[in-house]
Amino acid sequence: HNASWLYCSPTKTSFLKYFAELESFIPSCFWSTVCVSLLSPDRNPIETKTERMADLHQLKDNEVLMAFASYATIVLTKMMFMSSATAFQRLTNKIFANPEDCAGFGKGENAKKFLRTDEKVERVRRAHLNDIENIVPFLGIGLLYSLSGPDLSTALMHFRIFVGARIYHTIAYLTPLPQPNRALAFFAGYGVTLSMAYRLLKSRLYL
């Protein structure tokens with residue numbers, strides 16, 4: 001009964017307008033904090049933020065995860081280099097896959113002669129595709145493996161063998177070196193990914 005004046009008073013419109021302005025003025029993070037406090041009254045928002053910071057520090061202190069990040073950066077940089085190498089071979093040998101790419105070298109029928117395949121370009125492109133096929137699974141499985149708490153020396157052995165195998169595979173592909181150089185490099189890297197997957201499933205199997 002005491003609050004009925006709010007709904008009957010002519011100041012109702014101005015009050016609602018004031019409340020809307022107040023709501024837009026207060027940062028949304030304040031309302032998030034209020035909601036967290038109401039839903040979890042026993043939990044201090046400051047303690048929750050501290051716990052998150054502690055979790056981040058634990059990740060930084062994970063030596064295996066930091067090692068994985070380092071070697072993953074190496075193979076990703078190498079994979080990016082392969083796309084640049086493909087573009088370099090195309091421009092150097094004037095070999096293009098799309099008609100619009102030939103516009104700077106000729107027009108009409110004269111430009112069509114640049115639309116062809118070349119063994120040097122294709123070799124670099126195939127090496128790049130092989131990188132994608134092997135590095136992407138390594139990144140996914142390697143990350144999960146790093147978070148499973150493996151021994152540091154064992155993890156480093158896996159990471160180093162994989163990175164070395166991928167670099168040697170590219171050298172063997174582009175040089176080219178006689179087989180079984182490229183095949184051995186491929187299976188070495190592939191075996192590392194399978195080994196990590198096996199160890200991960202063996203130690204953290206929740207099927």
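Helix 7 passes helix 9 in a left-handed crossing, a term used when the near helix is turned anticlockwise from the far one by less than a right angle, with right-handed meaning clockwise. Helices here are DSSP runs (H or I, at least four residues), numbered from the N terminus.

A word on the model: it is predicted, so local features need pLDDT of at least 70 and side-chain atom pairs count only at pLDDT 80 or more, while totals for chains, interfaces and linings use all residues. Residues are numbered from 1 along each chain as its sequence is written, and side-chain values use heavy atoms, with hydrogens and water left out.

**Helix packing**

Two packed helices are described by the angle between their axes and the distance between the axes. Axes are lines fitted to C-alpha atoms, for helices over the stretch in contact, and angles run from 0 to 180 degrees between N-to-C directions.

| Helix pair | Axis distance | Crossing angle |
|---|---|---|
| Helix 7 (residues 119–147) and helix 9 | within 9 Å | roughly 25° |
| Helix 8 (residues 152–174) and helix 9 (residues 181–203) | within 8 Å | roughly 155° |
| Helix 5 and helix 7 | 9 Å | about 165° |

Turning to the next pair, the axes of helix 8 and helix 9 cross at roughly 155°, which makes helix 8 roughly antiparallel to helix 9. Their crossing is left-handed. On the helix 8 side the contact includes Phe-159, Phe-162 and Tyr-168, and on the helix 9 side it includes Ala-185, Gly-189 and Val-192. Its residues divide into twelve nonpolar, seven polar and three charged.

Helix 5 and helix 7, packed at about 165°, are roughly antiparallel to each other. This crossing is left-handed, and the contact residues comprise 18 nonpolar, seven polar and six charged.

Two cis peptide bonds are worth a look here. One runs from Thr-175 to Pro-176, with omega near -15°, and the other joins Gln-179 and Pro-180, with omega about 15°.

**Aromatic pairs**

The structure holds eight aromatic pairs, counted when ring centres of Phe, Tyr and Trp (its six-membered ring) lie within 6.5 Å; planes under 30 degrees apart are stacked, over 60 edge-to-face and the rest tilted. Among the pairs is tilted Phe-68 and Phe-159, at 5.6 Å centre to centre and 55° between the planes. Phe-68 lies in helix 5 (residues 63–93) and Phe-159 in helix 8, so this pair ties together parts 91 residues apart in sequence.

**Annotated spans**

The unreviewed UniProt entry places "transmembrane region" at residues 64–81, 135–163 and 183–201; such annotations may be inferred rather than shown by experiment. In the model, residues 135–163 are 86% helix and 0% strand, with end C-alpha atoms 9 Å apart. Residues 183–201 are 100% helix and 0% strand, with end C-alpha atoms 27 Å apart.

Terms used:
Helices (H or I, at least four residues) and strands (E, at least two) are DSSP runs, numbered from the N terminus. Angles under 35 degrees count as roughly parallel, over 145 as roughly antiparallel, 65 to 115 as roughly perpendicular and the rest as oblique. Contact means heavy atoms within 4.5 Å. Ala, Val, Leu, Ile, Met, Phe, Trp, Tyr, Cys and Pro count as nonpolar, Asp, Glu, Lys and Arg as charged, and the others, Gly among them, as polar.
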